[in-house]
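Have the viewer open as you read.

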Amino acid sequence: MDRRTLLKGMVGAGSLALTNRLAAPALAQGAAARTLRFVPQANLANFDPIWGTQYVVRNASALVWDTLYGVDDKLEPQRQMVEAEDVSSDGLTWTFRLRTGLKFHDGEPVRAKDVVASLARWSARDPMGLMIKGIEQELTAVDDRTVKWVLKKPYPKMLLALGKNNSPMAFVMPERIAQTDPFKQISEYVGSGPMRFLKSEWVPGAKSVFEKFADYVPRQERGSWLAGGKQMLVDRIEWIVMPDPATASAALQNGEIDWWENPISDLIPVLRKNRNIMVDIADPLGNIGSFRMNHLYPPFNDARARRAVLAAMSQEDYMRALVGDDDSLWKPLPGFFTPGTPLYTEEGGEILKGPRNIDGAKKLLAESGYSGEPITCLVAQDQPITKAQGDVTADLLKRLGMNVDFNAIDWGTVGARRAQKTPPGQGGWHMFHTWHAGADCISPAPYTAIRANGDKAWFGWPDIPPVEAEVTAWFEAKTLDEEKAAIRRLNKAALDSVVFAPTGFFLTYQAWRKNVTGVTKGPLPVFWGVTKSA
Amino acid sequence: MNTQATTSPLPSVAVAPDLPDLLPGFERPTGLLGVLRRHPMLALGGALLVLMVLIAVLAPYLATVDPTALAPARRTRAPSVEHWFGTDMLGRDIYSRVVYGARVSLTVGFSVAILASGVGLAVGLFSGFVRWADAIIMRVMDGLMAIPPILLAVALMALTRGSVGNVVVAITIAEIPRVSRLVRGVVLTLRDQTYVDAAVAAGTRAPMIIVRHILPNTLAPMTVQATYICASAMIVEAILSFIGAGTPPTIPSWGNIMAEGRSLWQVKPFIVFFPAAFLSVTVLAVNLLGDGLRDALDPRMAREF
Amino acid sequence: MFGYMVRRVVATIPVMAVVALFVFSLLYIAPGDPAAVIAGDQASPADVERIRQSLGLDQPFAVRFGQWVWLILHGDLGTSIFTNLPVTTMIAQRLEPTVSLMIITLCFAVSVGVPIGVLAAWKAGTWIDRVVMAFAVFGFSVPVFVVAYLLAFVFALELEWLPVQGYTPLAQGVWPWLANLILPAIALGCVYIALIARITRAAMLEVLQQDYIRTARAKGIGPRGILFLHALKNASVPIVTVVGIGIALLIGGAVVTESVFAIPGLGRLTVDAILRRDYPVIQGVVLLFSCVYVLVNLVIDLLYTVLDPRIRY
């Protein structure tokens, strides 16, 4: 007899007969079966998928808006809102024809001009979109169901750009909303997707509620990630923010929530033991942990200092701090691309392999001219991934003999401070920690973090021409072999100059109750096809 | 039994013999030991507190390993011979961290108590004596008291970097109003006493009056109040760390250790248990000390146990 | 009497002014730039400057303070930087859970704290007194979140008597509403009970020594009559005072309790806002809490005259 039943028996079941199992909220049985209670990875504050690139925003937006194309579980773009497309023989003119019956949540039909406005807003912020915009001749609505995009140069990855799952996704919004400045947030949530967002029930920081949109017309094909028919089998989805993983774990065990997006790995064993809970890998593409050094200021403006850190760091330490004892949950990553994908390579990764060489690293650091100045490290405490990595980094830098200025702040502040280009003593920074979904690191296309074009690059502003040359080479490659060759050279160049420091590849779990079916592995939680029995 | 000397100036007046002792062997114990025996709470609280202070001071000798040494390969191990209290999520030895954590918690507690008492005393005295300033100062103090202490501390911490010093300042600011009210209350009562009037009439200057008459009367309640402030400060520090607005995570403090272990309390309860136990015992000790002092110093409230 | 009430109410205005000034200055000197946060990762310095101007962040202190006070007096607490919702809406959404928690905790703490304080005073010097006071001191000494975790573990997870988290609005039924609040109220109430019990005991002891109590005993009135009819009423002033002061304690503890039990209340809102530097929300909520505290103490001051007719103003 397990401890729980023993305890219950001891206390005396008689007096408890009336009060047993009070855990379920007072909803009618039928209604409860049609509401899915989900615990997301973070709070849903702002909710503009073009303006804000956080994963939680993207995940919620995928419910509320639809896209022209969507990638399936092989990451191939498939038609979604588009019925048929046509590309001219010279590759310069793309014509898209929308499906019939597409409606917005306010009842208005989805028209080509809405698509045009949405694409214009999206392409102002998205890296691939910016590339397309750079070679754009015109983007027009030919009629209510046809969109034409004329380019000055061919762009073979157009469908991937429109259907990719990486933020920002090319969501289709009503024209008047899509005309909002791309650098300002939208304030209305009129969507084109299978669920509508109930703003009246939204409690920011606590709860977000989505309700099935009755007039959504899903495609006929089977749903597969962002492709195929988005059949909603529940009427209502509630996203409940739980700041405390222990509480979420207890709530899942008690049946007060149905699906937990990212349980921490230490709690997995107790969830596994529970007969009512299923546990599985959330995303086979996993995640890549990273920390970025500021290339603008000493000591990390010198590649030797960056290489010193790489030579001293132990990816095993980072990964164990993140995922614990389960070896199946992590892999060392002597490179930048996701293991298990076609472009994965370890070229140039020797510096991260083998036994760690602290003395050699110290020498390298001295050569770079490091003279004891404090290293400003930004570590977000409210994200378990960055917190754990930050602690390991502090220890690493100390062992290297560096002086650590540990800034324990929250994720929002990290977001604000990492954008500052001022010197570290004056509000700037030397290092910050983050991570990327593996789906974002399969190729240079969505991979903002690998770019090294100085001012235009991601925070840290690496300026490494050889890396950029290989990125261009990849975009212009015509065969997979050419792509792979370019990526191999890219990997080596990026490691030699340390665009950023990959801390390893790790997988995370998701957990859900047995009465929920249809939960799949994927780069984002996929809600269509998920049902819940009583 | 005493015997009177037989030589007495008055002849033949018999003097009654001394009565036998009613309570044989009863001697009112004197000295510190005596005080402690009469006030067991004081003794217990004091002893526990002294123990904690010793642990804090002797931390480098009591700890088994470096409290900040990471070993992710050995994370979340249960208590064992090697790691008496187990290891945390980064493989650090919890026993050593708890032992060092005593330093932070006691430093915060004592510093806040001393600072808040000192500043509160000054403000209370000033406010009590200088009438035109009284209204303004008391309104300001009321205003400060109206803001919930935790929120005040979190807000102040959000303005600055996390550090032990900033935590002390933040909690102190929240505790000053109470001390100043207490002192001001005493000053106001005493200000109207005749003996103070007499002193003023005699030409005694204000500082002399303060030292001679006011301070002795404030000392007792202030000391008791200071112990409560110390206890409260230690709990507030733990709560601040719990929320993420307390001492920086690079320094082991009981609040930090608990905050980091909170997600795992169901599977690895030892991470939260040991610092919680130490914190509770310390706060309990300080509270007992305060209660004991109050009973010892204010006989009206005392009850002999 | 009425004059006193008016004077007391007017006296709260400078206090609120001090609070307002303090809260506003606190955030005025805060580092971190909300404009940069709003602008987002990809914005250029020109965009950030545009946003600063639109938020009015480049005006001098006095102007900004004046504008802020003016708006508040019109019931406009501003708009949250992070959610673009009006602060009043955000507060209104979260009001019910926190108020419910406070009320339940208050009732629980008073209904447990006062009787045990009375008991301890009545049996002063005996082991009952010692045990009760020991419990009270324990209530003070264990941090709120430890108690919360213990309660959640034993009663919600292991025994499954009560839900482990969340909040059910009163509109969905009294028992579900209560069920979600029982454990948090106990956790939060521990400290409050300790405080109330101590003060009750001390005040009762003082009163029980009075001559009129002796007279009552001589008249043959039983213990219950003495304790509750005579003594408690006279001891009520300090008890009620402590209840008022304790509200501030409660609010602080509510932050932690709401975190552990995932209650969508004001405490969590404030801490989240502070850590995110969401100025309008911070200002609005701290102002609100202080207002509540001042009001409660005002009510208590006025209650004194009811409780103790000797207190006349």
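## An enclosed helix

Helix α9 (residues 245-254) of chain A is largely enclosed by the rest of the structure, because ten of its ten residues are buried. Here, buried means that 20 or more other C-beta atoms, placed from the backbone, lie within 10 Å of the residue's own, and helices are DSSP runs (H or I, at least four residues) numbered from the N terminus. The buried residues of α9(A) include Pro245(A), Leu252(A) and Asn254(A). After α9(A) comes Gly255(A), with a positive phi near 85 degrees.

This is a predicted model: local features need pLDDT of at least 70 and side-chain atom pairs count only at pLDDT 80 or more, while totals for chains, interfaces and linings use all residues. Residues are numbered from 1 along each chain as its sequence is written, with chains lettered from A and ligands numbered from 1 in the order in which they are written.

Which residues does Ala153(B) contact, leaving aside its neighbours within four places in sequence? They are Ala170(B), Ile171(B), Ala174(B), Val236(B) and Leu240(B), where contact means C-beta atoms, placed from the backbone, within 7 Å.

Conventions: Buried ≥ 20, exposed ≤ 12 C-beta atoms within 10 Å, placed from the backbone. Helix = DSSP H or I, 4+ residues; strand = E, 2+ residues; numbered from the N terminus. Contact = placed C-beta atoms within 7 Å.
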